[in-house]
Amino acid sequence: GPETLTMRQMLLDLRRWLGFSPAPVVEVPAALVRVAARAGDIFGGTAITTALRQLEFGKVGSLERFVAATGIRPRRWSDALLARPSQTQDRWHACIYFLRPLLRLTLAAMWIASGLVGLLQPTSTVSSILAAIGFVGAGGSAILWTSCLLDVIIGIALIVRLRPRLLAVIQLAVVIGYTVGLTYARPALWFNPFGPLLKNLPIMTAILILSAMERER
């Protein structure tokens, strides 16, 4: 367009367009930005090294040459924003975008911690539950180790974003399997004040929400 804008001004304008209250701008040292971009390459997101190189290169061109070549005269940035007021979905996307990696990493931490805690527990501590389901002796130990290793693998897969849709199905199947098995072995857990089984309901909801957010075009 006819204006030369800084990234700072564009972000402030977009925030105002979304209807959010003003927020302070914090300048981050370039070295830390490069570290964040490297992390973005690994874990995903908009802050990646390619985007950083594009920003450092700059995006300023000749307006009149563009008009001469295309016959199109672009609008001012502010006029373009005014032409399309923000909608509810725009605010939702702005609010949840940075919550998506937090949700993914939180679920990953839960799966990995659950698996490691289970591996560190002696089989005797859960032998009665396994026996109630029908697994005793070596069979019980094998089931315990298999389930714990599966938890850790799911957590690692979440961190590297391996096949998000398939991974969501696997997570739901595992949580449902745990819930059904524990309900059969210890139905009283549903009435436990700490909610060891009730917590599975919001966990499954969180898995579904993450699966929906991971489906990018």
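Reader: Why is Cys-95 called partly exposed?

Author: In this predicted model, where local features need pLDDT of at least 70, side-chain atom pairs count only at pLDDT 80 or more, and totals for chains, interfaces and linings use all residues, Cys-95 has a relative accessible area of 44%. With a 1.4 Å probe and protein chains only, buried means under 20%, exposed over 50%, and partly exposed in between, so Cys-95 counts as partly exposed. Residues are numbered from 1 along each chain as its sequence is written, and side-chain values use heavy atoms, with hydrogens and water left out.

Reader: What makes Cys-148 buried or exposed?

Author: Its relative accessibility is 5%, so Cys-148 counts as buried.

Reader: How many disulfides are there?

Author: A disulfide is taken to be a pair of cysteine sulfur atoms within 2.5 Å, and by this rule the count is 0.

Reader: Which residues of α7 are buried, and what puts them on the same side?

Author: The buried residues are Arg-100, Arg-104, Leu-107, Ala-108, Trp-111, Ile-112, Gly-115 and Gly-118. They cover an arc (of the directions from the helix axis to the C-beta atoms) of only 130°, which puts them on the same side of α7, whereas Leu-102 and Leu-120, on the other side, are exposed.

Note on methods: Helices (H or I, at least four residues) and strands (E, at least two) are DSSP runs, numbered from the N terminus.
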